[in-house]
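Me: I've got a structure open and some quick questions about it. Can we go through them one by one?

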Amino acid sequence: MPRPPITRTTLVAALLALPVLTVTAALLMAPPPRGTAGRAACTGRTLASWSVDPGPAAAFARYGDDNSRTDDWTGGDGTHSVRLPDGRTLWLFSDTFLDRVHPAPTPQGAPYRWRTTDTGGTPFLRHNSLVVMSPSGTPERTLTGGSPAAPGPFFPDPPGGGWRWPVHATVEPRTPGSTEQVVRVLLWNRVPGASPWIFGAPRGTDVATLSLPDLRLESLTPVADQSAATDPARRVLYGTALVRDGDHAYVFGGDNPPSAAADSGYLARVPTGRLADRAAWRFWDGGHWQPDAGRAAPVLRAGGRRGVGSAFTVARDHGTWVLLTMDTAGRGGAGLRTITGYWSCSPQGPWHGPVGRITPPRPAGPDPGHIAVYNPQAHPEFTAGAGLLLSYDVNWLGPPGAAADPVVNGDVELYRPRFLRVRLAPVRR
């Protein structure tokens with residue numbers, strides 16, 4: 001069915017609820033605490049420099065502009081990635097455009113590549129798709145559900161309504177100690193809702209298991225069902241970030257109170273090989289790891305200028321945990337244009353910040369004043385001497401009542417990820 005028009009109000013809600021760069025100019029001036037039990041002290045990390053990396057964006061542009069098929073990716077957001085054992089990279093996208101891309105100019109004479117929505121295909125694929133990239137860095141194929149004539153989401157919608165948005169993914173043993181590896185994908189499970197939940201109320205977190213090397217969907221397992229919480233604003237969705245440390249995966253998430261200026265960040269941990277085992281999940285309650293998700297306490301509590309957007313990223317740099325998020329102090333305006341940062345010596349905190357606000361480059365587009373930036377994501381598998389690879393998504397956020405589809409179809413660059421190389425360095429004191 002056709003995609004409903006996107007208004008300014010609904011798009012703000014969507015971008016801040018999506019699986020939503022640049023970076024901080026001075027992440028962090030507080031003195032570092034001692035490490036937690038058994039850990040040496042770490043040091044604060046700050047952004048030393050950043051630069052645009054045009055390579056990944058150009059690779060996706062070549063792939064998206066190739067009209068040899070019209071049932072594959074031409075644009076999307078919610079950009080996450082995971083390196084596979086054979087050297088390929090699996091990219092996970094949320095809402096995705098398909099269909100045909102035409103060279104400039106548009107029928108109106110504008111100098112942009114543009115997308116048609118009248119080829120008889122499905123121009124807008126709700127909820128999720130996957131793109132497989134070769135070891136050489138070339139996107140090669142799009143994985144969806146359904147059929148070529150009627151593609152659907154790769155991860156099917158839950159029975160009874162709702163949808164799944166993919167967030168972080170990782171490769172791990174099928175079971176602890178197993179030599180067979182699988183891909184685990186964390187998914188946000190949402191259900192239809194009325195205002196203010198116009199893009200769905202959070203229901204919980206699922207984990208998908210994909211076989212290797214063929215990437216066949218084997219199972220979908222609820223691991224953090226939050227439906228028992230009657231107030232959707234108190235439900236935490238996990239998976240916006242996942243970092244491995246020792247024999248555990250640390251899984252970050254957030255609540256999404258629609259009336260608040262920012263979200264609070266939460267944390268779970270799971271032993272390696274058991275991400276799809278609900279019984280293995282433990283949630284940080286402020287002092288201990290325990291199995292009841294309903295007793296989880298924030299590791300980064302929203303309030304004042306502190307807090308996270310529901311889409312943030314966490315990476316390790318020289319032993320220090322670094323979190324990058326949209327600047328929640330500017331929600332609805334600067335909050336969709338700037339990034340701020342926090343750092344910690346352990347995943348459960350204390351987290352120091354926020355410090356620094358930098359606005360990432362945005363495409364010119366037909367209406368640059370209404371282009372939003374969101375969803376900063378680290379891609380450590382692409383880190384090299386040039387620095388950590390960070391992606392961010394862009395979209396058009398027009399005036400009230402204005403539909404976004406004609407604009408993002410009129411310039412395909414407005415719904416494709418962009419990339420930066422970021423260097424971090426010790427904080428100077």
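Me: Which backbone oxygen does the side chain of arginine 235 reach?
Reply: The backbone oxygen of alanine 229, at 2.8 Å. Keep in mind that this is a predicted model.

Me: Where is arginine 235 found in the chain?
Reply: In a loop. Strand E16 (217-225) comes on one side and strand E17 (237-245) on the other.

Me: Is arginine 235 buried or exposed?
Reply: Buried. Yet arginine 235 has no salt bridge. The nearest side chain of opposite charge is aspartate 231, and that is 7.1 Å away.

Me: What does arginine 235 touch, leaving out residues up to four places away in sequence?
Reply: Its contacts include Pro202, Arg203, Gln226 and Ser227. Ala229, Thr230, Gly254, Asp255 and Asn256 are also among them.

Me: OK, salt bridges then. How many does the structure hold?
Reply: 17. In general, side chains of opposite charge can pair when their charged atoms come close.

Me: Which residue does aspartate 65 form a salt bridge with?
Reply: Arginine 113. The closest N and O atoms are 2.0 Å apart. The pair links distant parts of the chain, 48 residues apart. Aspartate 65 is in helix H2 (residues 54-65). Arginine 113 is in the loop between strand E6 (100-102) and strand E7 (114-116).

Me: How accessible are those two, aspartate 65 and arginine 113?
Reply: Aspartate 65 has 21% relative accessibility, so it counts as partly exposed. Arginine 113 is partly exposed too, with 28%.

Me: What about glutamate 413, which residue pairs with it?
Reply: Arginine 113 forms a salt bridge with glutamate 413, with closest N and O atoms 2.3 Å apart. Glutamate 413 lies in the loop between helix H3 (405-410) and strand E28 (418-426), so the pair ties together parts 300 residues apart in sequence.

Me: Next one. What does arginine 174 pair with?
Reply: Glutamate 218, with the closest N and O atoms 2.9 Å apart. Arginine 174 lies in the loop between strand E13 (163-173) and strand E14 (181-191), while glutamate 218 is in strand E16, so the bridge ties together parts 44 residues apart in sequence. Arginine 174 is partly exposed at 25%. Glutamate 218 is partly exposed at 30%.

Me: Which residues are joined into one network with Arg174 and Glu218?
Reply: Glu180, Asp214 and Arg216. Salt bridges that share partners do the joining.

Me: Switching topic. Which cysteines form a disulfide?
Reply: Cysteine 42 and cysteine 345, with sulfur atoms 1.8 Å apart. The count comes to one disulfide. The link is left-handed, with -85° about the S-S bond.

Me: Where do cysteine 42 and cysteine 345 lie?
Reply: Cysteine 42 is in the loop between helix H1 (8-17) and strand E1 (45-52). Cysteine 345 is in the loop between strand E24 (339-344) and strand E25 (352-358). So the pair ties together parts 303 residues apart in sequence.

Me: Are they buried or exposed, cysteine 42 and cysteine 345?
Reply: Cysteine 42 is buried, at 7% relative accessibility. Cysteine 345 is buried as well, with 7%.

Me: Last bit. How many helices and strands does the chain have?
Reply: Three helices and 28 strands. Of the 429 residues, 56% count as buried. The chain exposes about 16200 Å², and carbon and sulfur atoms supply 55% of it.

Conventions:
Residues are numbered from 1 along each chain as its sequence is written. This is a predicted model: local features need pLDDT of at least 70, side-chain atom pairs count only at pLDDT 80 or more; totals for chains, interfaces and linings use all residues. Side-chain values use heavy atoms; hydrogens and water are left out. Helices (H or I, at least four residues) and strands (E, at least two) are DSSP runs, numbered from the N terminus. Buried means under 20% relative accessible area, exposed over 50%, partly exposed in between (1.4 Å probe, protein chains only). Lys and Arg count as positive and Asp and Glu as negative; His and the chain ends are not counted. A salt bridge is a side-chain nitrogen of Lys or Arg within 4 Å of a carboxyl oxygen of Asp or Glu. A polar contact is a pair of N or O atoms within 3.5 Å; within protein, one must be able to donate a hydrogen and the other to accept it, and residues adjacent in sequence count only if both atoms are side-chain atoms. Contact means heavy atoms within 4.5 Å. Accessible areas come from the Shrake-Rupley method with a 1.4 Å probe; for residues, only the protein chains shown count as cover. A disulfide is a pair of cysteine sulfur atoms within 2.5 Å.
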